Every structure is written in C-alpha cells, then in structure tokens.
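The sequence and the model are shown first, and the description follows.

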Amino acid sequence: MNNRDRLSTGIAGLDDILSGGLLRERAYMVTGSAGTGKTIIGLHFLTAGLEAGEDALFVAFEEDPADLKADAAGLGFDTEAISFVDLSPDADRFVAEESYDVFQPDVVEGSGVSSRIVDAVEETQPDRVFVDPLSHLQYLAPDEYQYRQEVAGFVTYLTGEGATVLFSSQAALPGERPTLEYLCDGSIKLDRAEKGRTIEVTKLRGSSFLSGEHTLRISGDGMQVFTKLSPDAHHRNRKLTTLSSGVDELDRLLHGGIEGRTVTVVSGSSGVGKSTTAAQFAAASAARGERAVFYLFEETRDTFVRRSESLGLPIRELEEAGTLAVEEIEALSVSPDEFASQVRTEVEDRDADFVVIDGISGYRLSIRGDEQELIRELHSLGRYLKRMGVSAVFIDDIDSVTGDFEPTSSQISYLADNLLFLRYLEAGGELRKAIGVLKKRTGDFERTLREFEIRGDGIHVGEPLTGLRGILTGTPEWGTDDPFSTTGTGTKDEPPDADSEMRPGGSDTPE
C-alpha cells in the first residue's frame, strides 16, 4: 500500500508498528487505564495533521478544553489551530436544581451532544478527529442497544465526512460494558508492566503491523515509542575482516584477532580485566577509523575514562576524532526496547562498526524479567548487530572467583561466536590471572592458557601456562617448571620466587 494513503500518528515508533501510519478515513480506538497516555496520543495525532496542512477537531467529553490546552502546552504541543468541542460537565449543572443529575435533559437524550458535534464538523470540515473519551457516551445512552447504535452511527458519520477518527476509551473492568473495538478498523492498547509503560496494536484492518508489546516513554516532549527489535527485518552487507586487539600476544592467542560481524563474549570474575580487554578492542577499532560505541551499564563514564587512559588508551582523543563514543546507561530507567533503539541509532544513523555491552549483569536489570527473557533479548540484539555487519562484545560477570570453571553466568554461551575467558588462579599463596579462548566459530585459535596482566602501560599476555595442571579448577598444581617464574626454575615442590615481577596487586592496575 502506498504511504500516501497513510496518516502519521505523529509518533515515529508508533508509525513503525503500524507499518507507516493509520489508513485514511477510518476509525481507530486507543484503550488504557487512567494515566497511560491516551490523550497524549490524540494530541500527537492532531498536531501531526496540522503540520501536514490538515484541519483537526478535538471532541472533549471529560476535561475542559482550557485545562487540556494548558496540559498540552506543558508537553510541548501547540493547540492554537485545533478546534475544540466542549462537552464536558460543569459545576453550574451540578449545583442547579433540575430533574437530571449533572447533564441537561437534551444531553441525556443525546440530541444536544449530536447537534453540537455535527455543527463543529460542518464548520471545521476536519481531516482528523479525536474523541476523548468515546466510552463517556455509555453514560448518556439509556440502554446498551441504543449506546451501540449511537456509537456506530457516530463513527459512520465522521468517516463519511472524510475524517480519520481516533477514539479513546477506558480499559474495560470486570462487570463493565466492553469497549467498542469491533466498530473500529484498528485498536491500540496502552498498559503498565513491570518493565515500564507498554503499547500494543491488537487489530489493524487492511494492513500488517508489528505484533507484541513495545515500550514507551512520556516526557516533556510528549510520547516516544520504542519498537521491539526484529532482527530479521534488518540487513547490511559489509566486508568480512579480522579485527586486531592491538596487543600482539592477545592476537596470537586468537590467531590474528576476532572476526568481524561476530559476537564475542568476554567472561570472568569481578576485577579480572574484562572491561579493560573490551576497551582495548574498542580503542583499536576506533584507531583504525571504525566507529566504536561502548555502553556502560555497571560503571560510571568518568571512572571508565580515567581508568582506561591510565592504561594508555586514548579515550578522549578518539572521542574527539568521532570514532569512539562512551555511553553511560542507567539500567533501571531504560527498557530493552529503548536501549535497542539507541543501538539502532548508532548503527543506522552513525554507521557504528563495533559495539560493547558492559555488561550483561547490568543489562539484566533493564529486563526486569526471568533468565529466558534475558536470553531472548540478548539473542535479538546480537543477531541484529551481526546482520548489520557490526562486531559486538558482551561482557559477562561470573560470580565465583576461583573453583569449578563456569564459561558464562547464564546460558548464553550459544550466543557467542567467540568466547574469551579470564580466570583467577591461586598459586603460591597469590592470586594470578589467566586468559584463554574456549570457542571461535569462524577460525582457529590457540588452545592453551596464558598468564594475563594489566600494568600501567596496558594489557600483557604471557607465555602459555604449559607447566600447570588443573588450571580451570582455580587451584592449579605445578609440573616440572613454574610457568609464572621469570627464571623458569620453579618446581612442583618449590613455588615461584617471592620477588617475581609478575605479581598481581603490585604493578597490576585493577579493572
């Protein structure tokens, strides 16, 4: 269908869900409990019409137009060109001694309401009409049958006059009259969930739409809708390359580096060096002129920048060059859909080549769901990035410091094309660190563990730890030579010399 047959709702994300917008000269219903944003959608719908040179009419059954205009102004809407029909009850009617409560007899019988709406439609010839709320008519009709008949006639009249109509309605509670979605060509449902406000299109005659719940945010700029990520709807061809870390020994472990258009999981315990390793890859990517984006879920931007630059990574310099962006994310205030929207902006509008999520534990907070939902969201994000030709690194925090080896904290190892792990070892009464590769789908890798250090000048990867047994248990035993010794004279019965220069806590810089 040609997009010229569509009307924008004024909310980009909602238009995406609606496959471009609403069909002309049809009627749509938006339902939800109080405070979910029904009137805000109506204001977006009407003001989008004004911007397109159309005429707009607001039929107000509950709230006084003066109050509506004041509230709208607070959200950035200019309502001066919108025509209002005021059908809201007023205090004079409440205190007057009349036989009817609140409403005048002609209003209760329907003729007053109908004539005032007809007069307004004939006067303004609106292209768009918003009725807020349609469900208020049920209190004016004497019975269910007449209520349905009046609403059906109302809808037919407005669309017959060439208007596209949006109605609001309270969500039906148990025992209440059901909403009139069957009379409309489409239905939009607003709700509140554990992960925040949600929006869902449940019906759209004559058009496809994105199913499922999507999240939204209401701010001083009105409403923003963040669609659920649909990875298979996106694709971009990019040349496949091998990405160097900028550290020769680490690249040697990976047989040249990590392949482009893949997802790498870097796992390990707190403080072992995961973020620094990911930052090394991101900085190397940015230094090559590729755009890298580092999302911080668990660390402040200031701490990350200062720590990285103390290790020789020129974060600010790369940011000034426009090849690196460091974004601090507050997980509890951002839904997965909203975060995915931020990532899409970087990838599709700013041509990002390399993305780091630091880390999965913080991202889990934004999910506010179970582990299966976490896996689904990470799967969608990783698949989207790969289809767009972007290399991604997910940082995964393992609870245990030593003990039995765990490759990842959750069942996410299948998401990884590359799995790089960092490990604490207890050797000679000291904590040491080791690095290894468990998986690399698109190429070969070294199947040994190497000592890992972070010094003042950055990451250092030592020789293979061939003299140790039981490394993955966290408490290795020495063979004939001590691989940690600088002289190579250590034995199983003689731990490393106390003056060894490769000592964590001495020259090591904590992650």
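## Helix 10 and its surroundings

In this report, two residues are in contact when heavy atoms lie within 4.5 Å. The structure is a predicted model. In this model, the buried residues of helix 10 pack against helix 9, strand 15, helix 11 (315–321) and strand 16 (324–328). The buried residues concerned are Phe-304, Val-305, Arg-307 and Ser-308. Just after helix 10, Gly-312 adopts a positive phi of about 95°.

The loop between strand 15 (292–296) and helix 10 (301–310) holds Glu-299. Buried is taken here as under 20% relative accessible area, and Glu-299 therefore counts as buried at 17% relative accessibility. Its side chain forms a polar contact with the side chain of Arg-307, at 3.0 Å. Not counting residues up to four places away in sequence, Glu-299 touches Phe-304, Arg-307, Glu-328 and Asp-358.

In soluble globular proteins, nonpolar side chains tend to be buried together. The largest nonpolar core of this model comprises 39 residues, and those with the most contacts inside it are Leu-250, Phe-294, Phe-304, Phe-354, Val-356 and Ile-435. Helix 9 (residues 274–287) gives the most to this core, contributing six residues. Apart from it lies another core, of 34 residues, which includes Val-263, Val-293, Ala-325 and Ile-357.

Ile-435 has contacts with residues from several parts of the sequence, including Leu-250, Leu-253, Leu-420, Thr-448 and Val-461, when neighbours within four places are left aside.

## Ile-199 in strand 9

Strand 9 (residues 196–204) contains Ile-199. This residue counts as buried because its relative accessibility is 1%. Leaving aside neighbours within four places in sequence, its contacts include Leu-14, Ile-17, Ile-41, Leu-190, His-214, Leu-216 and Val-225. The C-alpha atoms of Ile-199 and Phe-226 are separated by 9.2 Å, and the two residues are 27 residues apart along the chain.

## Confidence of the prediction

The chain has a mean pLDDT of 84, with 82% of its residues reaching 70 or more. Over residues 93–111, however, the pLDDT is below 50, and this stretch has 21 contacts in the model beyond near neighbours in sequence. Over residues 486–511 the pLDDT also stays under 50, and the model has 58 contacts beyond four places in sequence for them. Where pLDDT is low, the predicted coordinates should not be read in detail.

Note on methods: Residues numbered from 1 in each chain as written. Predicted model: local features only at pLDDT ≥ 70, side-chain atom pairs only at ≥ 80, totals over all residues. Heavy atoms only, no water. Helix = DSSP H or I, 4+ residues; strand = E, 2+ residues; numbered from the N terminus. Buried < 20%, exposed > 50% of the residue type's maximum accessible area, 1.4 Å probe, protein only. pLDDT = per-residue confidence, 0-100. Core = buried A, V, L, I, M, F, W, Y, C linked by side-chain atoms within 4.5 Å. Polar contact = N/O pair within 3.5 Å; in protein donor to acceptor, adjacent residues only side chain to side chain.
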